[in-house]
Amino acid sequence: MRAAVLGVLLGAAIAPAAWGAAQDFDEVQRGRYLATIGDCTACHTAPGGKLMAGGRSIETPFGNIVSPNITPDRETGIGAWTDDQFYASMHDGTSADGDNLYPAMPYPHFTKVTRDDVMAIRAWLNTLEPVVNRVEANQLPFPFNIRAAMIGWNELFFTPGVWQDDPKKSAEWNRGGYLVEGLAHCGACHSAKNMLGADESGGHLQGYALQGWFAPAITSGDGVGLDKWTEDDIVEYLKTGTNRFATAAGPMAEAVSDSTQHISIADLRAMAAYLKDQRGPSGDKRKPMDAKDPVMRAGEAIYVDKCAACHTMNGEGIARLFPTLSASPTVEAENPLSVLHVILNGTRAVQTRLAPTAPAMPAFSWELTDAQVAAVATYVRNAWGNAAPAVTAGDVSSARKTLEARRE
Ligand code: HEC
Ligand code: HEC
Ligand code: HEC
């Protein structure tokens with residue numbers, strides 16, 4: 001009798017607590033996974049700094065913003081914030097005092113995330129080491145240093161609201177849309193922007209130049225973007241940083257290594273299903289330049305001499321080592337900046353757990369003149385079934401200036 005009562009009492013005392021702890025553990029793990037999809041660390045962890053302690057300089061078209069400390073430190077981090085304040089930062093783009101954040105924090109995307117998922121992210125952030133690090137975020141030049149200006153920006157360009165499922169589409173498509181448009185914020189880099197850094201209407205996922213690179217269109221239709229890629233190609237690219245068409249470089253290499261390689265295959269499949277259903281501009285199908293054009297001829301000669309050893313004569317490359325130069329959205333992008341970046345500066349491919357060796361491409365900026373770079377770039381953009389606007393010597397000289405300015 002006594003033992004039974006004791007058992008009941010103990011059971012009553014232990015069971016809910018143990019159950020609660022198990023639930024918290026699950027929520028923390030879920031939050032960690034979601035924070036990886038959101039790639040909070042890309043902006044909130046400084047190189048060599050403590051996890052999420054801020055202090056990283058984020059480039060915007062108007063100047064640099066330094067990311068805040070989002071560890072649970074109560075004085076200099078967000079430890080003292082209420083759940084509502086945290087939710088508002090993600091959903092409405094406001095800080096604890098109600099001031100507007102700059103859209104360098106991707107709240108125009110994070111607003112789509114459910115409260116449940118935001119709270120899981122907070123539960124995980126709460127388990128991190130609290131770091132004392134006071135950050136002065138605002139280093140923008142006048143007039144962009146006036147936070148109140150963001151009220152107008154939000155009025156013009158921002159509609160808060162959680163992702164709404166489209167009942168006409170599959171559950172997988174909707175999961176993919178929730179992630180691509182929300183936490184994964186692909187459009188922060190891949191959607192065309194206006195002069196105030198807001199998404200251009202009609203430019204959704206259709207390409208944008210940033211940080212000396214061009215993030216190409218990732219829509220499908222009319223031979224541009226991901227038209228030639230299957231869903232499996234997209235999954236493989238996001239999971240390993242490479243596939244039979246391309247390897248990730250620059251900011252995309254960082255996105256793959258910090259974030260997308262850790263996303264589950266099921267979620268990546270959902271994202272691929274959603275992306276393959278996003279339509280690009282339906283204009284005239286592009287026609288490749290005439291192979292007998294003198295610029296194409298000059299470009300071909302340079303290609304054979306300098307590039308074919310790795311990318312092979314027919315541009316196919318060697319799968320997962322030297323990328324094929326056909327069917328790559330980056331190579332055929334309207335804006336040639338990424339192609340020029342790679343040719344001028346060279347690049348090293350991303351290392352991922354599933355593709356741990358990272359092949360490199362040498363820089364050609366010192367070897368080739370502007371006209372030569374333009375010719376070889378024009379050639380690779382119009383050979384082997386590719387079709388894209390010609391590159392001029394002027395494009396190359398302005399790309400050189402962009403890249404040099406970034407090196408200072
Ligand atoms: C692309 C860069 C970027 C990413 C990715 C990013 N943030 Fe931010 N975040 C910023 C910047 C920059 C600010 C400061 C904006 C300002 O000062 O107006 C900020 C502000 C914040 C704030 C407000 C802090 C304060 O003191 O006002 C919170 C909270 C926050 N971010 C959480 C997150 C979480 C959680 C994630 C991941 C789900 C995330 N951020 C991903 C750049 C980013
Ligand atoms: C921080 C900016 C950034 C984010 C975030 C980002 N990308 Fe990219 N992405 C780029 C840039 C820049 C390139 C061009 C460089 C390259 O080809 O590797 C690129 C290239 C690509 C390519 C084309 C590959 C090729 O070589 O032609 C695909 C596909 C892609 N991104 C998909 C995505 C998806 C899906 C997301 C969201 C999960 C995403 N990206 C998020 C910047 C970004
Ligand atoms: C030593 C081998 C090597 C040589 C020579 C070489 N490349 Fe590359 N190239 C690579 C590797 C490796 C990558 C992938 C690196 C990455 O993604 O960061 C690459 C990537 C590229 C890309 C980006 C493809 C994409 O989908 O993002 C282009 C464009 C390119 N090379 C063009 C050229 C041109 C033009 C030349 C000659 C002027 C050339 N390469 C010479 C090895 C080479």
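Set aside the neighbours within four places in sequence, and P329 is in contact (heavy atoms within 4.5 Å) with P216, A217, G225, L226 and W229. P329 itself lies in helix α14, residues 329-332; helices here are DSSP runs of H or I with at least four residues, strands are runs of E with at least two, and both are numbered from the N terminus. At 8% relative accessibility, P329 counts as buried, where buried means under 20% relative accessible area, exposed over 50% and partly exposed in between, using a 1.4 Å probe and protein chains only. P329 and T219 are 110 residues apart in sequence, yet their C-alpha atoms are 9.6 Å apart in space.

A word on what you are looking at: this is a predicted model, in which local features need pLDDT of at least 70 and side-chain atom pairs count only at pLDDT 80 or more, while totals for chains, interfaces and linings use all residues. Residues are numbered from 1 along each chain as its sequence is written, chains are lettered from A and ligands numbered from 1 in the order in which they are written, and side-chain values use heavy atoms, with hydrogens and water left out.

Now step back to the whole chain. The chain contains 17 helices and six strands, and 47% of its 408 residues are buried. Of the contacts between residues at least 6 apart in sequence, 64% join residues at least 24 apart.

Next, the interior. In soluble globular proteins, nonpolar side chains tend to be buried together. The largest nonpolar core here has 58 residues, and F86, M90, I121, L125, L183 and M271 have the most contacts inside it; such a core is a set of buried Ala, Val, Leu, Ile, Met, Phe, Trp, Tyr and Cys residues joined through side-chain atoms within 4.5 Å. Helix α5 gives the most to this core, with seven residues. The core draws at least three residues from each of domain 1 (21-157) and domain 2 (174-276), with bounds that come from an automatic or database domain assignment. Nine of the eleven residues of α5 are buried, so this helix is largely enclosed by the rest of the structure. Take L183 as an example: beyond four places in sequence, its contacts are L34, I37, G38, M90, F110, V113, I121 and Y178. A second, separate core has 28 residues, including I302, L337, V380 and A383.

Which residues coordinate the iron atom of ligand 3? They are H311, through NE2, and M361, through SD, at 2.0 Å; donors are N, O and S atoms within 2.8 Å of the metal (3.2 Å for Na, K and Ca), and sites may look incomplete because water is not among the atoms. H311 sits in helix α13 (residues 308-311) and M361 in strand β6 (residues 360-361), 50 residues apart. H311 is buried, with a relative accessible area of 10%, whereas M361 is partly exposed at 22%.

The iron atom of ligand 2 has H190 (NE2) and M252 (SD) as its protein donors, 2.0 to 2.2 Å away. H190 lies in helix α8 (residues 187-190) and M252 in helix α10 (residues 250-258), so this pair ties together parts 62 residues apart in sequence. Here H190 is buried at 10% relative accessibility, and M252 is partly exposed at 21%.
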